[in-house]
Amino acid sequence: GGPLVGFCGLQPLTIAGAAEVEIGWWLAKHRWGMGLATEAARAALRDGFERAGLIRIIALARADNAASLRVMQKLGMRYERNVTHNGVPVVLYSIRPAEAGAKVRRDG
């Protein structure tokens, strides 16, 4: 119970003409700095790799969003490149299953 303090999840995204899966999070300001975004994102990454069988997940953030960049780095995501998404310059980070400590799903 209690009020919603944020969300975290995966969504399809087309960036620079490529189909990707993006992880994103949002937390109410009074919950910042508690490790909740990192904890939720780790669970979402594991689910994406182990249950959904994804081979790569990306994250986008403005270069001046130090908190999101820190979360990406804590997750083991690595800077890949600068891109523009919906007219906004952002940095793109990515991660693969082995880098997240996840098992790759194998279907028969």
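**Figure 1. Confidence across the protein chain.** The protein chain has a mean pLDDT of 91, with 94% of its residues at 70 or more; pLDDT is the predictor's confidence in each residue, from 0 to 100. This is a predicted model, in which local features need pLDDT of at least 70, side-chain atom pairs count only at pLDDT 80 or more, and totals for chains, interfaces and linings use all residues. Residues are numbered from 1 along each chain as its sequence is written, and side-chain values use heavy atoms, with hydrogens and water left out. Helices (H or I, at least four residues) and strands (E, at least two) are DSSP runs, numbered from the N terminus.

**Figure 2. The aromatic pair F7 and W26.** Rings of Phe, Tyr and Trp (its six-membered ring) pair if their centres lie within 6.5 Å; planes under 30 degrees apart count as stacked, over 60 as edge-to-face and the rest as tilted. By this rule there are 2 aromatic pairs. F7 and W26 are stacked, because their ring centres lie 6.3 Å apart and their planes meet at 20°. F7 belongs to strand β1 (residues 6–15) and W26 to strand β2 (residues 18–27), 19 residues apart. F7 is exposed at 54% relative accessible area, while W26 is partly exposed at 45% (buried means under 20%, exposed over 50%, partly exposed in between; 1.4 Å probe, protein chains only).

**Figure 3. The aromatic pair Y79 and Y93.** Here the arrangement is edge-to-face, with 5.9 Å from centre to centre and 80° between the planes. Y79 sits in strand β4 (residues 78–85) and Y93 in strand β5 (residues 88–95), 14 residues apart.
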